[in-house]
Amino acid sequence: MKAELLQLATPDGPFTVLARDGMVLASGWTASLAELTGQVHPTLRPATVEEVTDLGGISSAVEAFYAGDPEPAMAVPVLQQSGPFRAHAWDVLRQVKPGSPVTYTEYAALAGNPRAVRAAASACAFNAAALFVPCHRVIRTDGSLGGFRWGLRIKESLLAREAA
């Protein structure tokens, strides 16, 4: 199976997308393919990767986000694989409104199990499709940022953009 690799310059640094058949397999603020492929489920990892200069709607969604419109990113198809709770939790993340972050506790409740706070946090940690599955919209109960695979500076920047 072959995938396409695109790197875009953003105000938060290089943003790289690994996609297959118009669906995001992995994405994040890195210039390194190796930093993305480890998050992709083994059954979805591509055998070959071709660098491209455009990914159509995926590229447009990233550009729209940085131009102030985060909604198109939620319409980009994403291909991730995991167990039932995590897969559902990723879908739920796409429904969290920009500018209205939720706590890990609220996120667990939205995902259908208020006591599964650790499982909800794990869904964020194992999310391969950053931006398109907006795990940056989940914060700690005390209002602090919590963790983010791509660094707290970027998480803070993303939340500030969405709050504007």
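Reader: What makes the link between the side chains of His 136 and Glu 162 a polar contact?

Author: A polar contact is a pair of N or O atoms within 3.5 Å; within protein, one must be able to donate a hydrogen and the other to accept it, and residues adjacent in sequence count only if both atoms are side-chain atoms. The two side chains make such a contact at 3.0 Å, so it is called polar by that definition. This is a predicted model, where local features need pLDDT of at least 70, side-chain atom pairs count only at pLDDT 80 or more, and totals for chains, interfaces and linings use all residues. Residues are numbered from 1 along each chain as its sequence is written, and side-chain values use heavy atoms, with hydrogens and water left out.

Reader: Why is His 136 called buried?

Author: Its relative accessible area is 1%, and buried means under 20%, exposed over 50%, partly exposed in between (1.4 Å probe, protein chains only). His 136 is therefore buried.

Reader: Which residues does His 136 touch, not counting those up to four places away in sequence?

Author: Phe 148, Lys 155, Leu 158, Leu 159 and Glu 162. Contact means heavy atoms within 4.5 Å.

Reader: What makes a set of residues a nonpolar core?

Author: Its members are buried Ala, Val, Leu, Ile, Met, Phe, Trp, Tyr and Cys residues joined through side-chain atoms within 4.5 Å. The largest such core here has 50 residues, and Phe 132 is one of those with the most contacts inside it. Leaving aside neighbours within four places in sequence, Phe 132 is in contact with residues including Phe 15, Val 17 and Ile 58.
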